[in-house]
Amino acid sequence: MNILMRSILVSLNKSQIIKKHVSVQLTIANNFHNNKILYNKDDPDSDIIPYRFDVQIKEKKTFLEIIRIYKRDDHARKAQLQFITTALKYMDEFDVNKDLETYKALFDIFPKGRYIPENKYQLMMYHYPKHQDTALLILNKMESNFIIPDYEMQKMIKDTFGTNGLVMKKCCSMFYWLPKFAELNPWPLPKPIPTDAKVLAQFALAKISSIDVQANTTVYRTKDVPDAIDDTWIVSTMSKSQQELLAVQPTDKSLTVEGPFAIWVDKYYIDYFVLKGEAIKREIIYEEYDDITKLKIPFWEKHNFKIPVTIHEQEDGVYYAMCATGTSSKDSLLSWIRCLQKTNPILEKVPVTFKLKSITNEQLYIKDAEKPDVKQISENVDATKK
(Lines give C-alpha, C1' and ligand atoms only; values in the text may rest on other atoms or scores of the structure.)
Protein backbone atom coordinates (compact mmCIF):
# COMPACT_ATOMS: atom_id res chain seq x y z
CA MET A 1 0.00 0.00 0.00
CA ASN A 2 2.80 2.43 0.88
CA ILE A 3 4.62 1.69 -2.38
CA LEU A 4 1.41 2.31 -4.38
CA MET A 5 0.73 5.64 -2.67
CA ARG A 6 4.30 6.78 -3.22
CA SER A 7 4.13 5.96 -6.93
CA ILE A 8 0.85 7.91 -7.19
CA LEU A 9 2.46 10.92 -5.53
CA VAL A 10 5.45 10.79 -7.89
CA SER A 11 3.14 10.57 -10.90
CA LEU A 12 1.13 13.57 -9.75
CA ASN A 13 4.26 15.64 -9.26
CA LYS A 14 5.37 14.85 -12.84
CA SER A 15 2.12 16.08 -14.40
CA GLN A 16 2.34 19.38 -16.29
CA ILE A 17 -0.63 20.95 -14.51
CA ILE A 18 0.73 20.46 -11.01
CA LYS A 19 4.26 21.48 -12.02
CA LYS A 20 3.00 24.97 -12.81
CA HIS A 21 1.42 25.35 -9.35
CA VAL A 22 3.91 24.88 -6.57
CA SER A 23 1.27 25.46 -3.90
CA VAL A 24 -0.66 22.44 -5.15
CA GLN A 25 2.41 20.28 -4.76
CA LEU A 26 2.92 21.44 -1.18
CA THR A 27 -0.76 20.86 -0.35
CA ILE A 28 -0.66 17.28 -1.67
CA ALA A 29 2.58 16.52 0.17
CA ASN A 30 1.27 17.96 3.46
CA ASN A 31 -1.94 15.97 3.22
CA PHE A 32 -0.06 12.77 2.59
CA HIS A 33 2.19 13.36 5.60
CA ASN A 34 -0.44 14.65 8.01
CA ASN A 35 -2.85 11.82 7.25
CA LYS A 36 -0.07 9.25 7.81
CA ILE A 37 -0.44 7.89 4.29
CA LEU A 38 3.27 7.72 3.49
CA TYR A 39 4.34 6.49 6.92
CA ASN A 40 2.78 5.77 10.26
CA LYS A 41 4.58 5.38 13.56
CA ASP A 42 1.88 2.97 14.70
CA ASP A 43 2.58 0.74 11.70
CA PRO A 44 5.32 -1.84 12.46
CA ASP A 45 6.37 -1.66 8.81
CA SER A 46 7.20 2.03 9.16
CA ASP A 47 10.52 3.41 7.92
CA ILE A 48 10.83 5.48 11.10
CA ILE A 49 11.88 2.76 13.53
CA PRO A 50 14.47 4.69 15.61
CA TYR A 51 11.66 6.41 17.50
CA ARG A 52 11.21 3.14 19.41
CA PHE A 53 14.61 3.63 21.05
CA ASP A 54 14.01 7.27 21.98
CA VAL A 55 13.43 6.63 25.68
CA GLN A 56 14.70 8.31 28.82
CA ILE A 57 15.84 5.22 30.75
CA LYS A 58 18.41 3.46 28.61
CA GLU A 59 19.29 0.14 30.20
CA LYS A 60 19.11 -3.57 29.46
CA LYS A 61 15.57 -4.01 30.79
CA THR A 62 14.26 -1.23 28.54
CA PHE A 63 16.09 -2.61 25.49
CA LEU A 64 14.60 -6.08 25.98
CA GLU A 65 11.16 -4.55 26.46
CA ILE A 66 11.47 -2.71 23.13
CA ILE A 67 12.29 -6.02 21.42
CA ARG A 68 9.33 -7.72 23.12
CA ILE A 69 6.91 -4.97 22.04
CA TYR A 70 8.15 -5.20 18.46
CA LYS A 71 7.60 -8.97 18.41
CA ARG A 72 4.09 -8.47 19.75
CA ASP A 73 3.11 -5.77 17.25
CA ASP A 74 4.76 -7.14 14.10
CA HIS A 75 3.67 -10.75 13.79
CA ALA A 76 4.59 -10.89 10.10
CA ARG A 77 8.11 -9.51 10.77
CA LYS A 78 7.84 -7.13 7.80
CA ALA A 79 10.39 -4.63 9.12
CA GLN A 80 12.63 -7.08 10.93
CA LEU A 81 15.81 -6.23 9.02
CA GLN A 82 15.44 -2.52 9.60
CA PHE A 83 14.61 -3.04 13.27
CA ILE A 84 17.63 -5.29 13.87
CA THR A 85 20.00 -2.92 12.06
CA THR A 86 18.71 0.01 14.09
CA ALA A 87 18.89 -1.93 17.35
CA LEU A 88 22.54 -2.79 16.71
CA LYS A 89 23.33 0.92 16.45
CA TYR A 90 21.68 1.65 19.81
CA MET A 91 23.27 -1.23 21.75
CA ASP A 92 26.26 0.84 22.84
CA GLU A 93 23.98 3.63 24.01
CA PHE A 94 21.93 1.19 26.11
CA ASP A 95 25.14 -0.46 27.42
CA VAL A 96 24.09 -3.93 26.27
CA ASN A 97 26.83 -4.41 23.68
CA LYS A 98 28.52 -7.03 25.89
CA ASP A 99 25.44 -8.92 26.98
CA LEU A 100 24.85 -12.31 25.34
CA GLU A 101 21.21 -12.48 26.40
CA THR A 102 20.44 -9.29 24.45
CA TYR A 103 22.07 -10.66 21.29
CA LYS A 104 20.01 -13.84 21.56
CA ALA A 105 16.82 -11.82 22.04
CA LEU A 106 17.71 -9.78 18.96
CA PHE A 107 18.45 -12.89 16.90
CA ASP A 108 15.19 -14.47 18.01
CA ILE A 109 13.33 -11.90 15.89
CA PHE A 110 14.03 -14.02 12.80
CA PRO A 111 11.19 -16.51 12.20
CA LYS A 112 12.29 -20.13 12.51
CA GLY A 113 12.45 -22.45 9.49
CA ARG A 114 11.57 -19.86 6.84
CA TYR A 115 15.09 -19.15 5.54
CA ILE A 116 16.53 -22.68 5.51
CA PRO A 117 17.60 -23.71 1.98
CA GLU A 118 15.70 -26.78 0.77
CA ASN A 119 17.98 -27.83 -2.08
CA LYS A 120 21.50 -27.36 -3.35
CA TYR A 121 20.47 -24.65 -5.82
CA GLN A 122 19.09 -22.43 -3.08
CA LEU A 123 22.26 -23.03 -1.12
CA MET A 124 24.46 -22.00 -4.06
CA MET A 125 22.37 -18.90 -4.79
CA TYR A 126 22.84 -17.52 -1.26
CA HIS A 127 19.30 -18.10 0.01
CA TYR A 128 17.70 -14.91 1.46
CA PRO A 129 20.89 -12.80 1.18
CA LYS A 130 19.66 -9.70 3.04
CA HIS A 131 18.52 -11.76 6.00
CA GLN A 132 21.81 -13.62 6.17
CA ASP A 133 23.74 -10.34 5.93
CA THR A 134 21.74 -8.93 8.84
CA ALA A 135 22.42 -12.06 10.89
CA LEU A 136 26.12 -11.70 10.09
CA LEU A 137 25.95 -8.11 11.39
CA ILE A 138 24.79 -9.47 14.75
CA LEU A 139 27.67 -11.96 14.88
CA ASN A 140 30.19 -9.33 13.80
CA LYS A 141 28.96 -7.05 16.58
CA MET A 142 29.45 -9.89 19.05
CA GLU A 143 32.93 -10.58 17.71
CA SER A 144 34.01 -6.95 18.01
CA ASN A 145 32.91 -6.98 21.66
CA PHE A 146 34.53 -10.39 22.38
CA ILE A 147 31.21 -12.10 23.10
CA ILE A 148 31.38 -15.86 22.52
CA PRO A 149 28.09 -17.44 21.37
CA ASP A 150 26.77 -20.39 23.35
CA TYR A 151 25.12 -23.61 22.19
CA GLU A 152 21.66 -22.11 22.58
CA MET A 153 22.48 -19.44 20.02
CA GLN A 154 23.99 -22.07 17.76
CA LYS A 155 20.68 -23.94 17.86
CA MET A 156 18.83 -20.71 17.03
CA ILE A 157 21.04 -20.23 13.96
CA LYS A 158 20.47 -23.85 12.94
CA ASP A 159 16.68 -23.49 13.24
CA THR A 160 16.70 -20.19 11.31
CA PHE A 161 19.26 -20.53 8.49
CA GLY A 162 20.23 -24.18 8.56
CA THR A 163 23.62 -25.81 9.04
CA ASN A 164 25.23 -25.06 5.66
CA GLY A 165 24.83 -21.29 5.41
CA LEU A 166 27.37 -18.55 5.99
CA VAL A 167 25.78 -17.66 9.32
CA MET A 168 26.53 -21.09 10.76
CA LYS A 169 30.07 -20.98 9.34
CA LYS A 170 30.62 -17.62 11.03
CA CYS A 171 29.31 -18.99 14.32
CA CYS A 172 31.63 -22.02 14.15
CA SER A 173 34.56 -19.74 13.37
CA MET A 174 33.78 -17.66 16.48
CA PHE A 175 33.50 -20.88 18.52
CA TYR A 176 37.03 -21.80 17.47
CA TRP A 177 38.94 -18.50 17.54
CA LEU A 178 37.39 -16.35 20.27
CA PRO A 179 38.24 -18.71 23.18
CA LYS A 180 41.85 -18.72 21.99
CA PHE A 181 42.14 -14.91 22.11
CA ALA A 182 39.80 -14.21 25.02
CA GLU A 183 42.48 -14.65 27.71
CA LEU A 184 45.54 -13.29 25.89
CA ASN A 185 45.31 -9.80 27.37
CA PRO A 186 48.38 -9.33 29.62
CA TRP A 187 46.40 -6.82 31.69
CA PRO A 188 43.09 -8.62 32.32
CA LEU A 189 40.12 -6.74 33.70
CA PRO A 190 37.31 -8.14 35.84
CA LYS A 191 33.88 -8.65 34.34
CA PRO A 192 31.81 -6.57 34.62
CA ILE A 193 34.21 -3.64 34.30
CA PRO A 194 34.33 -1.61 37.55
CA THR A 195 33.17 1.98 37.33
CA ASP A 196 35.08 3.26 40.38
CA ALA A 197 37.71 5.75 39.17
CA LYS A 198 40.20 4.72 41.84
CA VAL A 199 40.03 1.05 40.83
CA LEU A 200 40.38 1.98 37.16
CA ALA A 201 43.41 4.13 38.02
CA GLN A 202 45.05 1.16 39.73
CA PHE A 203 44.55 -0.97 36.62
CA ALA A 204 45.86 1.84 34.41
CA LEU A 205 49.06 2.41 36.40
CA ALA A 206 49.64 -1.32 36.71
CA LYS A 207 49.44 -1.50 32.93
CA ILE A 208 51.93 1.35 32.43
CA SER A 209 54.42 0.18 35.06
CA SER A 210 54.30 -3.49 34.07
CA ILE A 211 57.52 -3.01 32.12
CA ASP A 212 59.31 -3.01 35.49
CA VAL A 213 58.48 -6.09 37.56
CA GLN A 214 59.61 -4.32 40.74
CA ALA A 215 57.05 -1.54 40.38
CA ASN A 216 54.96 -1.04 43.50
CA THR A 217 51.55 0.67 43.47
CA THR A 218 50.50 2.64 46.55
CA VAL A 219 47.23 4.41 47.36
CA TYR A 220 47.40 7.65 49.41
CA ARG A 221 44.76 9.94 50.86
CA THR A 222 45.24 13.69 50.69
CA LYS A 223 43.57 14.15 54.06
CA ASP A 224 46.66 12.55 55.63
CA VAL A 225 48.83 15.34 54.20
CA PRO A 226 49.10 18.58 56.21
CA ASP A 227 47.77 21.74 54.55
CA ALA A 228 46.03 19.75 51.79
CA ILE A 229 42.96 21.39 50.27
CA ASP A 230 41.44 18.55 48.24
CA ASP A 231 40.07 15.48 49.95
CA THR A 232 40.68 12.76 47.38
CA TRP A 233 42.76 9.67 46.61
CA ILE A 234 46.16 9.35 44.95
CA VAL A 235 47.34 6.18 43.19
CA SER A 236 51.14 6.23 42.82
CA THR A 237 53.58 3.74 41.31
CA MET A 238 57.34 3.62 41.81
CA SER A 239 59.93 0.83 41.62
CA LYS A 240 63.12 0.14 43.54
CA SER A 241 65.31 1.08 40.57
CA GLN A 242 63.50 4.42 40.29
CA GLN A 243 64.16 5.09 43.97
CA GLU A 244 67.86 4.36 43.45
CA LEU A 245 67.99 6.75 40.50
CA LEU A 246 66.16 9.42 42.49
CA ALA A 247 68.57 9.03 45.43
CA VAL A 248 71.52 10.20 43.26
CA GLN A 249 69.60 13.11 41.75
CA PRO A 250 71.63 16.36 41.99
CA THR A 251 70.00 18.81 44.37
CA ASP A 252 70.81 21.78 42.13
CA LYS A 253 68.62 20.45 39.31
CA SER A 254 64.85 20.58 39.58
CA LEU A 255 62.38 17.82 38.86
CA THR A 256 59.23 18.28 36.78
CA VAL A 257 55.71 16.95 37.15
CA GLU A 258 54.13 16.77 33.69
CA GLY A 259 50.66 15.87 32.52
CA PRO A 260 47.93 15.02 32.32
CA PHE A 261 48.36 12.16 29.86
CA ALA A 262 45.49 9.84 28.95
CA ILE A 263 45.40 6.06 29.04
CA TRP A 264 42.41 3.90 28.16
CA VAL A 265 41.08 1.16 30.42
CA ASP A 266 38.46 -0.61 28.33
CA LYS A 267 36.02 2.20 27.36
CA TYR A 268 37.18 4.57 30.13
CA TYR A 269 40.22 6.82 30.06
CA ILE A 270 42.31 7.90 33.03
CA ASP A 271 44.52 10.98 33.37
CA TYR A 272 47.94 10.35 34.86
CA PHE A 273 51.02 12.44 35.67
CA VAL A 274 54.75 11.68 35.67
CA LEU A 275 57.63 12.88 37.82
CA LYS A 276 60.73 13.18 35.67
CA GLY A 277 64.16 14.77 35.67
CA GLU A 278 66.86 15.61 33.19
CA ALA A 279 68.53 12.85 31.25
CA ILE A 280 71.62 11.32 32.86
CA LYS A 281 74.72 11.66 30.68
CA ARG A 282 76.92 8.65 31.18
CA GLU A 283 78.61 5.91 29.26
CA ILE A 284 76.20 3.31 27.96
CA ILE A 285 77.57 -0.23 27.85
CA TYR A 286 76.14 -2.61 25.28
CA GLU A 287 77.33 -6.11 26.11
CA GLU A 288 76.05 -9.58 25.56
CA TYR A 289 76.10 -11.76 28.64
CA ASP A 290 76.84 -14.88 26.60
CA ASP A 291 79.87 -13.38 24.85
CA ILE A 292 83.07 -15.15 26.01
CA THR A 293 85.48 -13.76 23.40
CA LYS A 294 86.93 -11.31 25.94
CA LEU A 295 86.85 -13.57 28.97
CA LYS A 296 88.98 -12.23 31.84
CA ILE A 297 90.27 -13.95 34.95
CA PRO A 298 89.08 -11.78 37.85
CA PHE A 299 91.48 -13.10 40.54
CA TRP A 300 94.18 -10.43 40.19
CA GLU A 301 92.33 -7.82 38.12
CA LYS A 302 90.73 -4.76 39.67
CA HIS A 303 86.94 -4.83 39.52
CA ASN A 304 85.20 -1.92 37.78
CA PHE A 305 81.45 -2.30 38.06
CA LYS A 306 79.15 0.16 36.28
CA ILE A 307 75.46 0.75 36.86
CA PRO A 308 73.51 -0.61 33.89
CA VAL A 309 71.07 1.67 32.08
CA THR A 310 67.49 1.06 33.23
CA ILE A 311 64.32 1.28 31.20
CA HIS A 312 63.35 4.43 33.09
CA GLU A 313 66.17 6.43 31.48
CA GLN A 314 64.90 7.79 28.20
CA GLU A 315 66.20 10.40 25.78
CA ASP A 316 63.84 13.08 27.08
CA GLY A 317 64.63 12.44 30.74
CA VAL A 318 64.48 10.01 33.62
CA TYR A 319 61.05 8.92 34.82
CA TYR A 320 60.96 8.54 38.60
CA ALA A 321 57.27 8.00 39.42
CA MET A 322 53.72 8.16 38.04
CA CYS A 323 50.40 8.89 39.65
CA ALA A 324 46.69 9.44 39.07
CA THR A 325 44.49 11.49 41.38
CA GLY A 326 40.77 11.76 41.90
CA THR A 327 40.62 15.43 40.96
CA SER A 328 43.77 15.84 38.80
CA SER A 329 44.20 19.21 40.49
CA LYS A 330 47.33 21.09 41.43
CA ASP A 331 46.75 20.62 45.12
CA SER A 332 46.43 16.83 44.79
CA LEU A 333 49.72 16.70 42.89
CA LEU A 334 51.42 18.75 45.59
CA SER A 335 50.08 16.29 48.13
CA TRP A 336 51.53 13.47 46.00
CA ILE A 337 55.00 14.98 46.29
CA ARG A 338 54.49 15.26 50.05
CA CYS A 339 53.63 11.57 50.21
CA LEU A 340 56.70 10.60 48.16
CA GLN A 341 58.94 12.53 50.55
CA LYS A 342 58.30 9.94 53.25
CA THR A 343 60.12 7.20 51.30
CA ASN A 344 62.39 9.48 49.25
CA PRO A 345 64.01 12.10 51.52
CA ILE A 346 65.89 13.58 48.57
CA LEU A 347 62.64 15.27 47.48
CA GLU A 348 62.89 17.55 50.51
CA LYS A 349 66.02 19.11 49.00
CA VAL A 350 65.26 19.03 45.30
CA PRO A 351 62.93 21.74 43.90
CA VAL A 352 59.90 20.42 42.00
CA THR A 353 58.30 22.33 39.12
CA PHE A 354 54.79 21.55 37.92
CA LYS A 355 54.24 21.75 34.17
CA LEU A 356 50.56 21.11 33.55
CA LYS A 357 48.45 21.26 30.41
CA SER A 358 46.23 24.21 31.19
CA ILE A 359 45.51 27.72 29.96
CA THR A 360 45.66 29.41 33.34
CA ASN A 361 48.71 30.98 34.94
CA GLU A 362 47.57 30.84 38.53
CA GLN A 363 50.43 30.46 41.03
CA LEU A 364 50.26 28.24 44.07
CA TYR A 365 52.90 27.90 46.77
CA ILE A 366 53.31 25.66 49.79
CA LYS A 367 54.24 27.88 52.71
CA ASP A 368 56.28 25.63 54.95
CA ALA A 369 59.36 26.81 56.80
CA GLU A 370 60.88 23.35 56.97
CA LYS A 371 60.36 22.46 53.30
CA PRO A 372 60.48 25.66 51.30
CA ASP A 373 61.90 24.11 48.13
CA VAL A 374 58.84 22.09 47.17
CA LYS A 375 56.66 24.61 45.41
CA GLN A 376 54.91 25.24 42.20
CA ILE A 377 56.81 28.05 40.54
CA SER A 378 54.22 28.67 37.87
CA GLU A 379 51.95 26.70 35.68
CA ASN A 380 53.44 26.41 32.24
CA VAL A 381 51.23 26.02 29.24
CA ASP A 382 52.16 23.05 27.11
CA ALA A 383 53.49 24.37 23.84
CA THR A 384 52.27 21.39 21.91
CA LYS A 385 48.67 21.71 23.06
CA LYS A 386 46.33 22.37 20.18
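This is a predicted model: local features need pLDDT of at least 70, side-chain atom pairs count only at pLDDT 80 or more; totals for chains, interfaces and linings use all residues.
Trainee: How is a pair of packed helices described, and what is the angle between helix 8 and helix 10?

Mentor: Two packed helices are described by the angle between their axes and by the distance between those axes. Here helix 8 and helix 10 (residues 166–181) pack at an angle of about 10°, and their axes are 9 Å apart. Since angles under 35 degrees count as roughly parallel, helix 8 and helix 10 are therefore roughly parallel to each other. On the side of helix 8 the contact is made by Gln132, Ala135, Leu136, Leu139, Asn140, Met142 and Glu143, while helix 10 contributes Leu166, Val167, Lys170, Cys171, Met174 and Leu178.

Trainee: Which strand is joined to strand 7 by five bridges?

Mentor: In a regular strand the side chains alternate between the two faces of the sheet. In this model, strand 3 (residues 255–265) and strand 7 run parallel and are joined by five bridges. One example to locate is Thr256, whose bridge partner in strand 7 is Thr353.

Trainee: How many residues of strand 7 are buried, and how many of helix 13?

Mentor: A residue counts as buried when its relative accessible area is under 20%. Strand 7 (residues 352–356) has four of its five residues buried, so it is largely enclosed by the rest of the structure. For helix 13 (residues 330–340) the count is 11 of the 11 residues, so this helix too is largely enclosed by the rest of the structure. The buried residues of helix 13 include Lys330, Asp331 and Arg338 as well as Leu333, Trp336 and Ile337. The buried residues of helix 13 pack against strand 1, strand 2, strand 3, strand 4 (268–277), strand 6 (317–325) and strand 7.

Trainee: Where is Asn145 found, and what does it touch?

Mentor: Asn145 is found in the loop between helix 8 (129–144) and helix 9 (151–161), and with a relative accessible area of 13% it is buried. A polar contact of 3.4 Å joins its side chain to that of Ser144. If residues up to four places away in sequence are not counted, Asn145 touches Asn97, Lys98 and Tyr103.

Trainee: Which side chain makes a polar contact with the side chain of Asp95?

Mentor: First locate Asp95, which is in the loop between helix 5 (80–90) and helix 6 (100–107). Its side chain makes a polar contact of 3.0 Å with the side chain of Lys267. Asp95 can also be set beside Lys58, from which it is 37 residues apart in sequence and 7.9 Å apart in space, C-alpha to C-alpha.

Trainee: What is the phi of Tyr128, and what is that of Asp227?

Mentor: Tyr128 has a positive phi of about 50° although it is not a glycine, and Asp227, likewise not a glycine, has a positive phi of about 65°. Tyr128 lies in the loop between helix 7 (120–124) and helix 8, where it is partly exposed, with a relative accessible area of 33%. Asp227 lies in the loop between strand 1 (216–221) and strand 2 (233–238), and with a relative accessible area of 64% it is exposed.

Definitions and conventions:
Residues are numbered from 1 along each chain as its sequence is written. Side-chain values use heavy atoms; hydrogens and water are left out. Helices (H or I, at least four residues) and strands (E, at least two) are DSSP runs, numbered from the N terminus. A polar contact is a pair of N or O atoms within 3.5 Å; within protein, one must be able to donate a hydrogen and the other to accept it, and residues adjacent in sequence count only if both atoms are side-chain atoms. Buried means under 20% relative accessible area, exposed over 50%, partly exposed in between (1.4 Å probe, protein chains only). Contact means heavy atoms within 4.5 Å. Two strands pair if DSSP finds at least two bridges between them. Axes are lines fitted to C-alpha atoms, for helices over the stretch in contact, and angles run from 0 to 180 degrees between N-to-C directions. Angles under 35 degrees count as roughly parallel, over 145 as roughly antiparallel, 65 to 115 as roughly perpendicular and the rest as oblique.
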